[in-house]
Amino acid sequence: MSTKTQQTRERILTAALEQFAARGYDATTVAQIASSAGVTEMTFFRYFPAKENLLLDDPYDPLMAAAVADQPHGLDALTRVVRGVRAAWQSLPIAETGEVRERMRIAAASPALRASMARNTHATEEAIVAAVPDVDYRTARIAAAAVLAALMAALLLWAQSDDGELGEAIDSALDVLEVRRG
């Protein structure tokens, strides 16, 4: 992504977070966000197909699926998914904690966004299931759903607090699920 493109994207996202904080997600329009960012609505939609994408875009599904697929096939499905998600997380640059926390808080407060989060989670589940074709669908689906439910619970709890780092929240969720063998 070019520097100008990235700057415009960031300007739109910053304006949106400011508008959401002032008005709430549901009461904020795309026109208000675009105006605040100094762009047209058409430009807004070039960067974000819908208002919800400002908060819910998740480009990490392919990375997570690849990391799950790279886990040894001899491991049980849950351990493969946990370790794959952990490996994917550890390979990412450290996210800006404040912005991620604010995005999660806004999303958690909006029933419409909570529904969209559930749709995104379903898509992530499908990507993970596809990454373990040697595991029966039911088992793979339950393992993926368990890991993603634990992550979502930990992230929502983290977003509602003012302490801890994002990585700690993710690790704590994965630690609960990972089976430790001596």
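Predicted model: local features only at pLDDT ≥ 70, side-chain atom pairs only at ≥ 80, totals over all residues.
Colleague: Which residues in α6 meet α10?

Modeller: Residues are numbered from 1 along each chain as its sequence is written, and side-chain values use heavy atoms, leaving out hydrogens and water. Helices are DSSP runs (H or I, at least four residues) numbered from the N terminus, and contact means heavy atoms within 4.5 Å. Leu166, Gly167, Ile170, Asp171, Leu174, Asp175 and Leu177 in α10 meet these residues in α6: Leu78, Val82, Val85, Arg86 and Trp89.

Colleague: Is α6 roughly parallel or roughly antiparallel to α10?

Modeller: Helix α6 (residues 77-91) and helix α10 (residues 166-177) pack at about 165°, with their axes 10 Å apart. Axes are lines fitted to C-alpha atoms over the stretch in contact, with angles from 0 to 180 degrees between N-to-C directions. Under 35 degrees counts as roughly parallel, over 145 as roughly antiparallel, 65 to 115 as roughly perpendicular and the rest as oblique. So α6 is, relative to α10, roughly antiparallel.

Colleague: Is aspartate 61 buried or exposed?

Modeller: Aspartate 61 lies in helix α5 (residues 61-69). Beyond four places in sequence, Ala123, Thr124 and Ala127 are in contact with aspartate 61. Buried means under 20% relative accessible area, exposed over 50%, partly exposed in between (1.4 Å probe, protein chains only). At 15%, aspartate 61 is therefore buried.

Colleague: How far apart in space are aspartate 61 and glutamate 126?

Modeller: In sequence, aspartate 61 and glutamate 126 are 65 residues apart. From C-alpha to C-alpha, their separation in space is 9.5 Å.

Definitions and conventions:
Helix = DSSP H or I, 4+ residues; strand = E, 2+ residues; numbered from the N terminus.
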